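Hi,

Here's the structure I said I'd pass on.

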Amino acid sequence: MPINCKVKSIKPLACNTFQILLHPEQPVEFKAGQYLMVVMGEKDKRPFSIASSPCRHEGEIELHIGAAEHNAYAGEVVESMKAALENGSDIQIDAPHGEAWIREDSERSMLLIAGGTGFSYVRSILDHSISQNIQKPIFLYWGGRDECQLYAKAEIETIAAAHEHITFVPVVEKAEGWAGKTGNVLEAVKEDFNSLAEMDIYIAGRFEMAGAAREQFTTEKQAKKEQLFGDAFAFI
């Protein structure tokens with residue numbers, strides 16, 4: 001459903017990544033893990049995960065958009081948001097979308113995997129789980145090229161320290177001065193788990209990452225396809 005929004009704020013997070021707060025003209029009902037489409041033209045709608053959780057968004061919608069120079073698709077959206085903030089005009093969104101929302105009725109442990117700004121997807125699910133006092137084990141693996149890309153690392157470390165059932169594992173590809181796990185985030189998951197058969201797996205990142213996760217986890221770690229959730233799986 002098309003909805004007009006005011007751009008309330010734009011804040012740089014790190015590494016060409018921006019936090020954007022939108023204030024819709026009417027309440028937007030969504031589930032943790034869904035996404036919206038930013039309407040750039042009649043036939044040009046661009047998807048972005050909703051980083052806020054449905055239980056605590058207080059009428060605002062939070063987005064995390066990575067707009068590196070080589071990524072015109074996202075960069076043009078950020079520029080459009082900046083212009084709307086400056087002149088007070090509206091941005092139109094179409095929401096909600098996506099089938100990869102949290103399955104709250106499941107008793108299985110949760111494995112949340114994010115690459116880069118795919119973190120916004122798992123952040124919504126994690127925050128919703130905390131607010132609803134979901135106590136089953138939650139494992140969050142977040143991969144980036146370097147530590148700079150893990151812009152909410154300190155925040156998630158604080159959350160994990162305060163909740164015994166939450167485990168946070170950051171993974172970086174470039175390891176200068178880094179004491180944690182290095183390499184590919186999917187490889188880090190495979191190193192740490194003998195089996196993924198009894199887990200609900202939520203994943204957000206590039207399509208090739210999601211495809212590799214589905215192939216590797218089902219063939220090597222007994223993951224079940226019906227327990228794999230991610231927007232990419234609707235397209236690959």
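**What I found**

Let's start with a pair of strands: β2, which covers residues 17-24, runs antiparallel to β5, and six bridges join the two. Within that pairing, L21 sits opposite E62 of β5. Do keep in mind that this is a predicted model.

Zooming out, β2 and β5 belong to an open sheet of six strands, paired antiparallel in the order β4-β3-β6-β1-β2-β5. The edges are β4 and β5, each of which pairs on one side only. On average, neighbouring strands in this sheet are turned by 40° against each other, if you ignore direction.

There's a helix to look at as well: α2 (residues 119-131) lies across β4 and β5, and it runs at about 150° to β5.

You'll find it in the loop that links β4 (44-49) and β5 (61-66). Is E60 buried or exposed? It counts as buried, because its relative accessible area is 17% and the cut-off for buried is under 20%.

And what does E60 touch, leaving aside residues up to four places away in sequence? The list is K8, L21, L22, H23, P24 and S52. L21, L22, H23 and P24 come from β2, the strand that β5 is bridged to. With K8 there is also a polar contact of 2.3 Å between the two side chains.

Cheers

Notes
Residues are numbered from 1 along each chain as its sequence is written. This is a predicted model: local features need pLDDT of at least 70, side-chain atom pairs count only at pLDDT 80 or more; totals for chains, interfaces and linings use all residues. Side-chain values use heavy atoms; hydrogens and water are left out. Helices (H or I, at least four residues) and strands (E, at least two) are DSSP runs, numbered from the N terminus. Buried means under 20% relative accessible area, exposed over 50%, partly exposed in between (1.4 Å probe, protein chains only). A polar contact is a pair of N or O atoms within 3.5 Å; within protein, one must be able to donate a hydrogen and the other to accept it, and residues adjacent in sequence count only if both atoms are side-chain atoms. Contact means heavy atoms within 4.5 Å. Two strands pair if DSSP finds at least two bridges between them. Axes are lines fitted to C-alpha atoms, for helices over the stretch in contact, and angles run from 0 to 180 degrees between N-to-C directions.
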